[in-house]
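Colleague: I would like to go through this model feature by feature. Please give the general idea each time, then the case here.

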Amino acid sequence: MRLSHSLPVRSASCDDPNLLGAAGLVPVMTLAEQAGLSGLAREHLSVPTDKGAHPDRKVFSLVAGMVAGADSIDDMALVRHGAMGRVFDHPYAPSTLGSFLREFRFGHVRQLDAIAARVLAGLHAHTPVLAGIDGPVMVDIDDSIIEVHGPAKQGAGFGYTGVRGLNSAITTITTAQAAPVIAAQRLRKGACNSARGAHRLIADTLATLTRLRSAGASGPILLRADSAFYGHRAINTALRAGAQVSVTVRQDPRIRAAISEIAADAWTKIEYADAILDEDTGQWVSRAEVAEIPFTAFTSKATRLQVPGRLVVRRIPDFAPAGEGLFDVWRFHAFFTTSDLDTVTADTTHRGHAIIEQVHADLKASALAHLPSGKFNANAAWLVCAVIAFNLTRAAATLGGKRLATATTPTIRRTLICIPARIASSARRITMHLPQRWPWENEWNLLFDNTINRQHTA
C-alpha cells in the first residue's frame with residue numbers, strides 16, 4: 001500500500017455538515033434509551049441550580065462522548081461535530097457538561113450509582129450481555145490507582161503503587177457465557193486502604209445480582225478477591241447475601257503453620273506454566289502442585305464472625321540462588337474458600353480472578369485515562385458515567401454477533417462505533433451511508449437491526 005500517484009491529495013477542509021465520524025453512536029445510544037438511561041436520569045438525578053437542569057440530556061451526552069472515545073471534558077466536543085446535531089437533539093458543549101459535573105455532591109453520585117445499576121438491568125433485558133446469569137456466577141472485586149497530575153485534585157494521594165492518584169474500586173459479574181460487566185463502582189481517596197468500604201460495595205453488587213437473576217436461579221455465586229480484601233466484614237457480608245468466597249490470604253504465621261500441616265502425599269500436580277499431560281496416566285507432569293486443609297478464618301474475632309472453610313494452597317519450586325540445592329524449596333500461594341469445588345477446580349477458578357485486571361485496563365484505555373476535574377465528586381460522577389459507557393459498549397457488541405461479544409472496548413469502538421458516515425434526508429427520514437466493504441459490515445448491520453429496526457417494528 002502507498003499513497004496514490006495518479007490522484008494525489010492536495011487539499012482538505014472541514015466543511016461538510018452531513019458527515020458523522022462516529023455513526024455507530026446512533027444504534028448504541030438507541031440501545032441506551034431502550035435500557036432507560038434518559039428516563040432514569042430524569043427521574044432519579046436531582047443536581048441543584050440551573051447547571052443541573054435537564055440531567056437526562058447531560059448524562060446522555062457524557063455517556064455518548066465516552067462511548068465515542070472521550071477521556072476528558074474537552075473531548076466531549078466529539079458529540080458536536082458534523083451532522084451530530086441532526087441525528088441527536090441538544091448535544092451539549094464541553095463547558096456545560098463540566099459545569100454540570102462540578103455541581104455533584106456525594107448524594108448525587110449515589111443517585112448516579114443507582115441509575116447505573118438500573119441501566120445494567122435494562123441492558124440485561126434487551127441484550128444477551130448477561131447470558132447465563134441464572135447459572136454459576138463469578139463476582140470479582142478489586143481496586144486500581146488512577147494517576148493524576150494536577151496539584152489541586154481533591155483526594156489525590158500516594159496509594160499502594162507509590163503513584164499519586166485516586167483509588168477506583170469496582171466489582172464485576174462474569175458468567176460462563178458472557179464477558180464481565182461492571183456491577184458497582186466507587187471512587188476513593190488515593191491513599192485509602194484497598195478494603196475501605198469493600199463490604200458496602202459487595203453488598204450493593206450482590207443486591208444488584210439478586211435483582212438481575214430470575215426467581216428460580218440456582219447457580220452458585222462465588223466472590224473472588226485478592227488478599228487486600230481478606231477481612232471479616234467483606235467475607236461475612238458476602239456469606240450473608242448467599243455467596244461463597246474465594247479470597248487470597250497473606251502469609252502470616254497462622255497461615256504458614258496451617259500449610260506446614262499438609263501431608264507430603266496430599267499434593268496434586270496441576271496444569272500450570274510448562275506443564276505436560278502424560279497421555280498414558282492422564283496426570284500432569286508439572287512443577288506446580290495443589291493441596292487443601294480445613295481452616296477457620298478470623299479465630300481472633302467473636303464466634304459469630306468466624307468462618308469455617310478450607311485453605312487451598314498452590315506451591316511451585318523456588319529457584320532463588322540462595323541455598324545449597326540439597327532440598328526442595330517451595331513458594332506458596334494460599335487462598336481461603338467456602339466453595340464446594342474440588343481442590344484443582346477451586347485453584348483454577350480462583351486464578352480466573354485476574355480477569356478484573358483486564359477490566360481496569362479497559363477503563364484506563366478509555367474514559368478513565370484521565371480524571372478531568374479538580375472536584376472529587378465530579379470525578380466520582382465521571383467514573384460512574386464511564387462504567388455506564390463500558391457496560392453499554394459491551395452490550396452493544398453482543399448484539400453484533402459472537403465475533404465481538406468478548407472484545408475490548410477499544411476494539412468495539414474501532415469496529416462498530418467510530419465509523420464515518422454521510423447522512424441524507426428523504427421524506428423526513430435520515431439514511432446513513434457508510435464506507436463500502438467495511439470489514440465488520442455484518443456485525444454493524446446486526447447491531448443496527450437489533451436496535452433501530454427492532455425499535456420501529458416493536
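Modeller: Start with a sheet: strands pair through backbone hydrogen bonds, either parallel or antiparallel. Here 3 strands form an open sheet in the order β1-β14-β15, with antiparallel pairing. Its edge strands, β1 (19-20) and β15 (429-433), each pair on one side only. Strands are DSSP runs of E with at least two residues, helices are runs of H or I with at least four, and both are numbered from the N terminus. Two strands pair if DSSP finds at least two bridges between them.
This is a predicted model, in which local features need pLDDT of at least 70 and side-chain atom pairs pLDDT 80 or more, while totals for chains, interfaces and linings use all residues. Residues are numbered from 1 along each chain as its sequence is written, and side-chain values use heavy atoms, without hydrogens and water.

Colleague: Over how many bridges do β1 and β14 pair?

Modeller: β1 and β14 (residues 421-426) pair over 2 bridges, in the antiparallel sense. Leu-20 stands opposite Ala-421 in β14.

Colleague: How should I read the salt bridges?

Modeller: Side chains of opposite charge can pair when their charged atoms come close. The rule asks for a side-chain nitrogen of Lys or Arg within 4 Å of a carboxyl oxygen of Asp or Glu. By this rule there are 14 salt bridges. In one of them, the side chains of Arg-422 and Asp-16 meet at 2.6 Å, N to O. Arg-422 lies in strand β14 and Asp-16 in the segment before β1, so this pair ties together parts 406 residues apart in sequence.

Colleague: Is Arg-186, which meets Asp-113 in a salt bridge, buried or exposed?

Modeller: Arg-186 is buried, with a relative accessible area of 18%; Asp-113 is also buried, at 9%. Buried means under 20% relative accessible area, exposed over 50%, and partly exposed in between (1.4 Å probe, protein chains only). The N to O distance of this pair is 3.5 Å. Arg-186 is in strand β5 (residues 178-188) and Asp-113 in helix α6 (residues 106-126), so the bridge ties together parts 73 residues apart in sequence.

Colleague: What about Asp-143?

Modeller: Asp-143 forms a salt bridge with Arg-188, the closest N and O atoms being 3.4 Å apart. Asp-143 lies in strand β2 and Arg-188 in strand β5, so the pair ties together parts 45 residues apart in sequence. Asp-143 counts as buried at 5% relative accessibility, and Arg-188 is buried at 9%. Salt bridges that share partners join Arg-110, Asp-113, Arg-186 and Asp-204 into one network.
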